[in-house]
Amino acid sequence: MSSSRPLVSTGKNKLMIEDLKAPSGGHCTCCEHMLAAVSVAGRPLCLTCAPAYALDEPGIDDVATLIWLPHLDQGALGRCVTALHVAARAAGHTVYDQALSGQALSAKRAFEALLSCRLGAIEKIGTDRPSLYRSALKSLSRNPLPEAHETGLRVLMRGTWFPDNPRRYLDAAQEWAVAR
């Protein structure tokens with residue numbers, strides 16, 4: 001299994017998101033479910049999984065949060081989170097809306113359960129902020145640290161996008177909902 005922990009960033013290898021130049025037709029290398037739309041350090045990723053690999057991206061703390069979820073790997077979490085956002089959008093809502101019913105309410109409750117796993121991340125590493133985690137990783141030697149998939153630390157996509165286009169994820173989830 002390839003490492004799901006970010007590499008130390010240096011210059012051109014910073015973990016920043018780049019749009020794929022042309023539709024790749026390939027699947028995300030993390031969740032292996034959604035079509036890749038962006039790349040981070042040359043790795044094709046879907047919009048749900050990209051934040052887990054783009055911890056240097058400005059606004060990462062608004063886009064994702066760290067959670068402690070040792071029984072799911074990052075790819076399985078990505079598939080689950082995509083399904084929750086799509087279920088809410090299919091009903092014309094987001095997982096943050098109030099007064100939901102049916103499928104949207106179920107998606108909201110499941111998403112809130114995932115969000116509650118932030119407490120585990122705070123307990124284990126002292127933060128749920130991806131930017132602080134990334135800053136700490138840059139200052140540590142890679143060798144003595146276990147891989148993220150071995151620790152249970154995961155990056156949960158909140159359902160928004162970065163400051164350059166904050167509606168990008170929401171709009172994509174709407175397209176996915178219509179296509180299903």
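Predicted model: local features only at pLDDT ≥ 70, side-chain atom pairs only at ≥ 80, totals over all residues.
Residues are numbered from 1 along each chain as its sequence is written, and side-chain values use heavy atoms, with hydrogens and water left out.

Let me begin with confidence. The pLDDT, which is the predictor's confidence in each residue on a scale from 0 to 100, averages 85 over the chain, and 82% of the residues score at least 70. Residues 1-13 have a pLDDT below 50, and this stretch has 33 contacts in the model beyond near neighbours in sequence, a contact being heavy atoms within 4.5 Å.

Now to the core. By a nonpolar core I mean a set of buried Ala, Val, Leu, Ile, Met, Phe, Trp, Tyr and Cys residues joined through side-chain atoms within 4.5 Å, where buried is under 20% relative accessible area, exposed is over 50% and partly exposed lies in between, with a 1.4 Å probe and protein chains only. The largest such core has 44 residues, of which I17, L45, L156 and W161 touch the most other members. Among the elements that give two or more residues to this core are β2 (38-40), β4 (64-68), α3 (102-115) and β5 (153-157), but α2 gives the most, with five residues. Helices (H or I, at least four residues) and strands (E, at least two) are DSSP runs, numbered from the N terminus. If we leave aside residues up to four places away in sequence, L45 touches C28, T29, C30, A36, A37, V38, V40, A50 and Y53.

Staying with β4, four of its five residues are buried, and this strand pairs with β5 in the antiparallel sense over five bridges, given that pairing requires DSSP to find at least two bridges between two strands. Within that pairing, I67 stands opposite R154 in β5.

Turning to charged pairs, a search of the whole structure finds six salt bridges, each being a side-chain nitrogen of Lys or Arg within 4 Å of a carboxyl oxygen of Asp or Glu. In one of them, D19 and R168 meet at 2.7 Å, N to O; D19 lies in strand β1 and R168 in helix α7, so the pair ties together parts that are 149 residues apart in sequence. D19 is partly exposed, at 44% relative accessibility.

A second pair, K108 and E112, meets at 3.5 Å, and these residues are four apart in helix α3, which separates them by about one helical turn. Here K108 is buried at 10%, whereas E112 is partly exposed at 41%.

In a third, R118 and D128 meet at 3.9 Å; R118 is partly exposed at 29%, and D128 is buried at 17%.

Finally, the rings. There are three aromatic pairs, counted when ring centres of Phe, Tyr and Trp (its six-membered ring) lie within 6.5 Å, with planes under 30 degrees apart called stacked, over 60 edge-to-face and the rest tilted. W161 and F162 are edge-to-face, 5.0 Å centre to centre with 80° between the planes, and W161 is buried at 4%, as is F162 at 2%. Y169 and W176 have ring centres 5.6 Å apart and planes at 80°, so this pair is edge-to-face, and Y169 is buried at 1%.
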